[in-house]
Amino acid sequence: MTFLLVLKIIASVATAATGLLALVKPTSVYGFTGLLANGARGISEIRSIFGGLFIALGIAPLFLGPNAYRMLGIAYLAIALVRLFSIFFDKSYDKSNIISLAIEIVLGVILVI
């Protein structure tokens with residue numbers, strides 16, 4: 001197993017772990033997203049999107065292989081691109097936003113190469 005493959009596996013597992021945290025403890029996402037769920041509908045949205053989707057995105061490459069890792073990387077890079085736009089357009093220079101951008105770029109590049 002190559003070092004790059006190990007990094008891709010770690011990125012996928014981290015993605016799934018983020019989703020699992022959002023599924024099990026949806027109020028925890030506020031700390032790293034700034035999203036606050038007011039009521040059952042908001043909690044449901046956090047569990048389904050940040051939970052279910054991130055779990056699926058993280059687990060799929062472990063079973064589907066190279067193209068799925070690449071697709072997850074493209075997803076991270078697309079998120080990073082839109083976040084970069086938002087940072088400037090919305091003047092959202094929060095430290096957590098910059099950290100998220102850096103993580104998305106790093107994971108995206110690792111997963112695409």
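Reader: How far apart are the end C-alpha atoms of α3?
Author: Happy to start there, keeping in mind that this is a predicted model. Helix α3 has 25 residues, and at 1.5 Å a residue they should span 36 Å.

Reader: Which residues of α3 are buried?
Author: To count as buried, a residue needs a relative accessible area under 20%. In α3 the residues that pass are Ile 43, Ile 46, Gly 51, Phe 54, Gly 58 and Pro 61.

Reader: Which helices do the buried residues of α3 pack against?
Author: Packing here rests on contact, with heavy atoms within 4.5 Å. For the buried residues of α3, the partners are α1 and α4.

Reader: Which residue just after α3 takes a positive phi?
Author: Good thing to look for where a helix stops. Just after α3, a phi of about 90° turns up. The residue that takes this positive value is Gly 65.

Reader: What should helix α4 span, and how far apart are its end C-alpha atoms?
Author: Helix α4 covers residues 66–89, which gives 24 residues. At 1.5 Å a residue, they should span 34 Å. The end C-alpha atoms agree with this, as they are 34 Å apart.

Reader: Which helices do the buried residues of α4 pack against?
Author: The buried residues of α4 are Ala 68, Tyr 69, Leu 72, Gly 73, Tyr 76, Ala 80 and Ile 87. Their packing partners are α1 (3–24), α3 (40–64) and α5 (95–112).

Reader: Is Asn 97 buried or exposed?
Author: First find Asn 97 in helix α5. Among the residues that Asn 97 touches beyond four places in sequence are Arg 83 and Ile 87. Its relative accessible area is 11%, and the cut-off for buried is under 20%. Asn 97 is therefore buried.

Reader: How far is Asn 97 from Ser 86, C-alpha to C-alpha?
Author: Along the chain, Asn 97 and Ser 86 are 11 residues apart.

Reader: How does Leu 21 count at 40% relative accessibility?
Author: Leu 21 has its place in helix α1. Leaving out residues up to four places away in sequence, Leu 21 touches Pro 26, Ser 28 and Phe 32. Buried means under 20% and exposed over 50%. Because its 40% falls in between, Leu 21 counts as partly exposed.

Reader: How far apart are Leu 21 and Ile 55 in space?
Author: In sequence, 34 residues separate Leu 21 and Ile 55.

Reader: What pattern does the whole chain follow?
Author: Let's step back from single residues. The secondary structure comes to 5 helices and 0 strands. Read along the sequence, the pattern is α-α-α-α-α.

Reader: What radius of gyration does the chain have?
Author: The C-alpha atoms fill a box of roughly 45 × 30 × 15 Å along the principal axes. For 113 residues, a compact globule would have a radius of gyration near 13 Å. The value for this chain agrees with that: 14 Å.

Technical notes: Residues are numbered from 1 along each chain as its sequence is written. This is a predicted model: local features need pLDDT of at least 70, side-chain atom pairs count only at pLDDT 80 or more; totals for chains, interfaces and linings use all residues. Side-chain values use heavy atoms; hydrogens and water are left out. Helices (H or I, at least four residues) and strands (E, at least two) are DSSP runs, numbered from the N terminus. The radius of gyration is taken over C-alpha atoms; the globule rule is 2.2 Å times the number of residues to the power 0.38. The expected span of a helix is 1.5 Å times one less than its number of residues. Buried means under 20% relative accessible area, exposed over 50%, partly exposed in between (1.4 Å probe, protein chains only).
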